[in-house]
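Subject: Handover of a structure for your review

Dear colleague,

Please find the structure below, followed by a summary of what was found in it. I would be grateful if you could read the two together.

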Amino acid sequence: MYRKEEQPLPPPEKFELPFEGKLSPNNRWVIMAELIPWDDFEEEYAKLFSAEKGAPAKLFRMALGTLIIKEKLRTSDRETIEQIRENPYLQYFIGLNCYQQEPPLESSMLVHFRKIIDGELINKINKKIVKREIDKSDKEVKKKDCLQEKREKIKNKGKLILDATCAPADIKYPTDLGILNQARIETERIIDNLYKPLRVKLRKKPRTSRKIARKEYLKVAKKRKVSYQERRKAIGKQLKYLKKNLGNIEDLIQAGASLENLSKRQKNCLETIKKVYEQQQSMWENKTQSVPQRIVSLTQPHIRPIVRGKAGKPIEFGAKLSVSCVDNYVFLDKISWENFNESCHLKEQVEKYKETFGYYPESVHVDKIYRTRGNRNWCKERGIRISGPKLGRPPKNVSEEEKKQAHSDECFRNAIEGKFGQAKRRFSLNLVMTKLPETSIISIAITFLVVNLSKLLRQFLSLFLSLFTNNRTGELIKPPFINFDYTLNNFYVLKLIDLSENSWSKVA
């Protein structure tokens, strides 16, 4: 059940603290709270709950705010709750009216938040925040009517960057021999659980040969260099042991054992092990190294090997992402656990750009894989210039303008690579710690949302520092000569403050 909070939240100056003082309106968490349209998506979040049944759910601001704090600080679930309990600014960010010493929620609630909130909802919030800031930063257009008339005349505007990357999951590097050994160990535990209620009926426990199988595995796993024949022989032996264990499980079920004696995790693991045995047996018989929808982890069977061809990491294990970048803002357009050709989604991404901003881009900056004949013809029909050289044999003589344009396009496209680096080094895109597919999608979507919020925060701080800079030369000047009117106009143009309602005008 979801209950909307009727009383509006107080401004940061009226946030009640147990000690003397007030929250600073210049704090980063207060600024970010102003940037996020919490109320616009609360109704959509409330539809996920029953209107009458169940206990009252946590508010949307608390749910999304907690996930943003976790991603921003790059902490664990438990550490995130401790940070919220200790910091009044974080409590204001998640929507509390006053400071409280007790934690507002348990760390396990973060898992429920990631399960409930949809990835599409996060993408909508991300697009709305960016679109609002881009529209408000337009100095020439002040009224909505003028903006609509101008959009009708404009056919192409802006630049779009497209690229794909992989978000590696937190799994051990998979090998065929290691996966089979892990599957064998899990089946031995399942046999032990199924045999317990049948001790009186069956005097002898099914033989698993677990000690011998482990010695055979360690004999090869401990070697620094293993030949192809040795590895193939060891895999064949583990396949036999695994087949024997699966047969014993079927025999125990026929003898009266029930799968209800197993936990939910063991039931899912048993189904995964059966698929793993079929895949490994097929590869071993056909002497191949690939199979469709290959499972590389028993605990996360949705993860697939993503062949990237990068230096040092030719294969990554995780989700493949198709991302677009507009004015250094990033959007998650597609996420899939299966490998896909990103060039097939260029048309869909360009159409999303038009749906968001109301017009097609002037140019699309992509790498070589996107520059297919179909994509080029499709962009040409809509007046969109696609970066890169033309298809076919390269010309002998290239003009200086074409060289300059190609160099400019390549330099401009590097912006999305920088965003990938920021998301992977500063935030958690380099190693997704969540285990379920739906929670992993939310974690990845939150990462791109926080990347855009960080950019908006830096933009505000840079304008705040302009209070102490000369408007013409950009050099530092003395405080008595600060041009407050110029700086406040910059704040007002970018809509980071509202001189009539908001307290940011008190900065001057």
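Asn248 lies in helix H11, which covers residues 228-254; helices here are DSSP runs of H or I with at least four residues, strands are runs of E with at least two, and both are numbered from the N terminus. This is a predicted model, in which local features need pLDDT of at least 70 and side-chain atom pairs count only at pLDDT 80 or more, while totals for chains, interfaces and linings use all residues. Residues are numbered from 1 along each chain as its sequence is written, and side-chain values use heavy atoms, with hydrogens and water left out.

Asn248 is buried, with a relative accessible area of 12% (buried means under 20%, with a 1.4 Å probe and protein chains only). Its side chain reaches the backbone oxygen of Arg207 at 3.2 Å. Setting aside residues up to four places away in sequence, Asn248 touches Ile191, Pro206 and Arg207 (contact means heavy atoms within 4.5 Å).

The search for cavities gave one of 30 Å³ or more. A cavity is a set of points, on a 1 Å grid over the protein atoms alone, where a 1.4 Å probe fits but cannot get out; lining residues have an atom within 4 Å of a point. The volume of the largest cavity is about 90 Å³, this being the space filled by probe spheres set on the points, which are joined across faces, edges and corners. Strand S3 (315-326), strand S4 (329-336) and helix H13 (346-357) each give two or more residues to its lining, and H13 gives the most, with five. Among the lining residues are Lys127, Leu160, Ser324, Asp333 and Gln349.

Ser324, in strand S3, is buried, with a relative accessible area of 5%. A polar contact of 2.9 Å joins the side chains of Ser324 and Asp333 (a pair of N or O atoms within 3.5 Å; within protein, one must be able to donate a hydrogen and the other to accept it, and residues adjacent in sequence count only if both atoms are side-chain atoms). Beyond its neighbours within four places in sequence, Ser324 is in contact with residues including Leu160, Tyr329, Phe331, Gln349 and Ile416.

As for the chain as a whole, the protein has 17 helices and six strands. Buried residues make up 44% of its 508 residues. Of the contacts between residues at least 6 apart in sequence, 70% join residues at least 24 apart.

Yours sincerely

Methods: Buried < 20%, exposed > 50% of the residue type's maximum accessible area, 1.4 Å probe, protein only. 1 Å grid on protein atoms, 1.4 Å probe; cavity = no way out; pocket = protein on both sides within 12 Å on 5 of 7 lines; lining within 4 Å.
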